[in-house]
Amino acid sequence: MSSLLPKPAPSSAPTEPRSAGTAPFLALIVASLLLPLLAFVLAAAQNRAHLAEAAEIEARRVTRIFAEHALKVLETDEQVLRRVDSRLRGMSWDEVRASADVRAYLARVVAETPHLSGAGLVDPAGRLAQLGEPHVPPVDLSDRDYVMRAAPGDAAQSYVSVPVEGRISGRSLFRVTRRTLEGPAGGVAFVAMDPDYLVGFYRSATRPGDSVTVARADGAVLVRDPPVTTGAQVLSPESGLMRSITRGERGVYRTTSELDRIERIHAYERIGPYPVYVSYGLSMTAVAAEWRRNVLAYGIVAALAALGLAALSLVAMRRAAQERRSFRRWQEETRRREAAEAALRQSQKMEAVGQLTGGVAHDFNNLLTVIIGNLDMARRRMGPADERVGRAIDNALQGAQRAASLVERLLVFSRRHPLAPQPVDLRRLVDGMADLLRRSLGENVALTVDIPEDVPPVATDPNQLETALVNLAVNARHAMPAGGRLAIAAARADPPADADLAPGDYVALSVTDTGIGMPPEVLERVFEPFFTTKPIGQGTGLGLSQVYGLARQSGGGVTVDSREGHGTTIRLVLPRARASAPVGEGPEEEAGLPPGGRERVLLVEDQAGVRQFIGETLRDLGYGVIEAGDAIEGFSLIERHPDIALLLADIGLPGDSGEALAERVRRLRPHLPIVLITGRAGDEPVPPGTALLRKPVAAAGLARAVREAIDAAPAQEGGFA
């Protein structure tokens, strides 16, 4: 393919003096320094305003959370006080003081409510009547504001006091109180809460340097973190919070604390209907630190931009040299393109040769079978009279066997080499290729393997199984561009209900990814050869086809479970390995023939030359041979001759194939041994339990295959020819 890029014409422009045209480039260099500086200043100012706005939004959000939490706490206290009041219905104060049940009830209420530190009852005289603890001392509480100012029993909200040091507990607690309504009149029910409970919650949601204040509308501080003083504290009317709550129930203000000199953005909000406000102050120290980090990053970017623009200006001054370098790069790219086109043509040629070699393998193996078989027969039947004829036959056999080796090499070249099934330990195989799989998946995909030690070996080709796992790993990597997880697992399994598999023991090897999954229209065609969803040049569409062919050729099956957005699971169901080894294949060189027998063998072969050689060889071994030229005639002979001990059939029969004949015979006579002969490339399916003999067939290999198949089968009824 010739290049479509035009060749540049040689330049005939005269060379300009080096000093000509330098002024525009100097102006460009100055602009490359000033413009990034201006952009840096604007970005820094905009980022500062943005961070301040973000800090205000964050302060409002956290304050809303704190207000909702405090409201839930106070509403819980309201419910507790009403429950206590209802519990006292019908009792007098003397009964309340003496009631162990009331004391136990108060203790249980405190235990069930995490934020409460105590609960109690005060009689009309201001004396402590019950505290939820044994041995309540006669403490006079009539001077406490939470007793004197307790809310009426029918009030909408209870009274919230300032923190007061308890005369019994010695702890600074604030109380929520209301007068009894349903119980004995004139008394006060209260619950006590430790400010440290709220402080602990606030610290879990704030950063060092932040502050939280809970205060009543009259300025009395209930909670302050970090603490400033102990005991009660009253905010000044000139404080930021007190000035702000006069303007509304929620808002934002900014101030610098007189106590710790930290600048903060404060957001405040009223706690429901209660005359109590919560104020959260977000420290501007962290905001300023983040702004400085951003400014540093902006400065680095601006400096790099200035240097880059200046460098571009210098590069522009040397544009002539750049054009020459660009032309040389264009020439090199043209050479690389021509080399790639030549490699593509070579690849296409090799693919065509591969298709050709696979297509002629069957006929070539038939011819080699006739040649090798008849030469071998001639050598065995020839007397010792003429040594020259014997040497000629030996030379012809050597040439035919070299031709058979050449066919095998061509099949390997065309990637159609037959399977070599053998017992495969899945755990050992996957562990051995774990590093290869991880390299195929990439760093952002995690690989997990779960194959128990008790999983039995399977019967398949280990090399093809490794290729199938690599194909699945590559597909999973493309399905997880942002990373994910690939899991490989194995376990004993029953064959799928909709799969045409023979009864027996199977093992399921599943490969699961967390990728994008497949839509139904793709799932329907997923095993079609050359079907792919990848862009042109990034996939052949043969990966899953190879997985399907391996599973079916091994006597198993494969299923796919996939949904868009939920990943994909591909499940290979493979037969459990048998104890016996597979039948031998290909031409063999041996001095003598294995022992024969007297059983009757049905030979079904459409090629007259191949049929004649195989029939005469078996008769020389002592077998009785019945011959047929197609599957229909062969099956008719099976029905008429119950004494047939072995079916020996070619796979490539006209009409019904050898596999179809084997399946029909298997249904009629399940225990009849079957050996199929093939000259194909090895990708044809073989019924389970059927031996395979590959062309070109030598006499020794034929004798061994027939004898081993008959000996491995159970005893047959009927006589022999």
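Asp94 counts as exposed because its relative accessibility is 57% (exposed means over 50% relative accessible area, buried under 20%, and partly exposed in between, with a 1.4 Å probe and protein chains only). The model is predicted: local features need pLDDT of at least 70, side-chain atom pairs count only at pLDDT 80 or more, and totals for chains, interfaces and linings use all residues. Residues are numbered from 1 along each chain as its sequence is written, and side-chain values use heavy atoms, with hydrogens and water left out.

**Salt bridges**

Side chains of opposite charge can pair when their charged atoms come close. A salt bridge is defined here as a side-chain nitrogen of Lys or Arg within 4 Å of a carboxyl oxygen of Asp or Glu. By this rule the structure holds 28 salt bridges. The table lists some of them.

| Pair | Closest N and O atoms |
|---|---|
| Arg83 and Glu112 | 3.9 Å |
| Asp94 and Arg97 | 2.9 Å |
| Arg600 and Asp643 | 3.4 Å |

The salt bridge of Arg83 with Glu112 has its closest N and O atoms 3.9 Å apart. Arg83 belongs to helix H1 and Glu112 to helix H3, so this pair ties together parts that are 29 residues apart in sequence. Helices (H or I, at least four residues) and strands (E, at least two) are DSSP runs, numbered from the N terminus. Arg83 itself is partly exposed, at 39% relative accessibility.

Asp94 and Arg97 both lie in helix H2; they are 3 residues apart and therefore separated by about one helical turn. Arg97 is partly exposed, with a relative accessible area of 31%.

Arg600 is in strand S19 (residues 600–604), while Asp643 is in the loop between helix H16 (631–640) and strand S21 (644–650), so the pair ties together parts that are 43 residues apart in sequence. Both Arg600 and Asp643 are buried.

**Arg127 and its surroundings**

A network of salt bridges links Asp94, Arg97, Asp123 and Arg127. Arg127 is found in the loop between strand S1 (116–122) and strand S2 (128–130), and it is partly exposed at 40% relative accessibility. Apart from neighbours within four places in sequence, Arg127 is in contact with Arg97, Leu121, Val122 and Val139, where contact means heavy atoms within 4.5 Å. Val139 is 12 residues from Arg127 along the chain, and the C-alpha atoms of the two are 5.7 Å apart.

**Ser99**

Ser99 sits in the loop between helix H2 (93–98) and helix H3 (100–112). Its relative accessibility is 13%, so Ser99 counts as buried. The side chain of Ser99 reaches the backbone nitrogen of Val102 at 3.1 Å. Not counting residues up to four places away in sequence, Ser99 touches Met91 and Gln130.

**Cavities**

A search of the whole structure finds 2 cavities of 30 Å³ or more. On a 1 Å grid over the protein atoms alone, a cavity is a set of points where a 1.4 Å probe fits but cannot get out, and lining residues have an atom within 4 Å of a point. The largest cavity holds about 70 Å³ of space, a volume being the space filled by probe spheres set on the points. Among the residues that line the largest cavity are Ala70, Val73, Leu74, Phe174 and Met193. Helix H1 (residues 22–87) gives the most to this lining, with 3 residues. The lining of the largest cavity comprises 11 nonpolar residues, no polar and no charged; Ala, Val, Leu, Ile, Met, Phe, Trp, Tyr, Cys and Pro count as nonpolar, Asp, Glu, Lys and Arg as charged, and the others, Gly among them, as polar.

Key:
1 Å grid on protein atoms, 1.4 Å probe; cavity = no way out; pocket = protein on both sides within 12 Å on 5 of 7 lines; lining within 4 Å. Polar contact = N/O pair within 3.5 Å; in protein donor to acceptor, adjacent residues only side chain to side chain.
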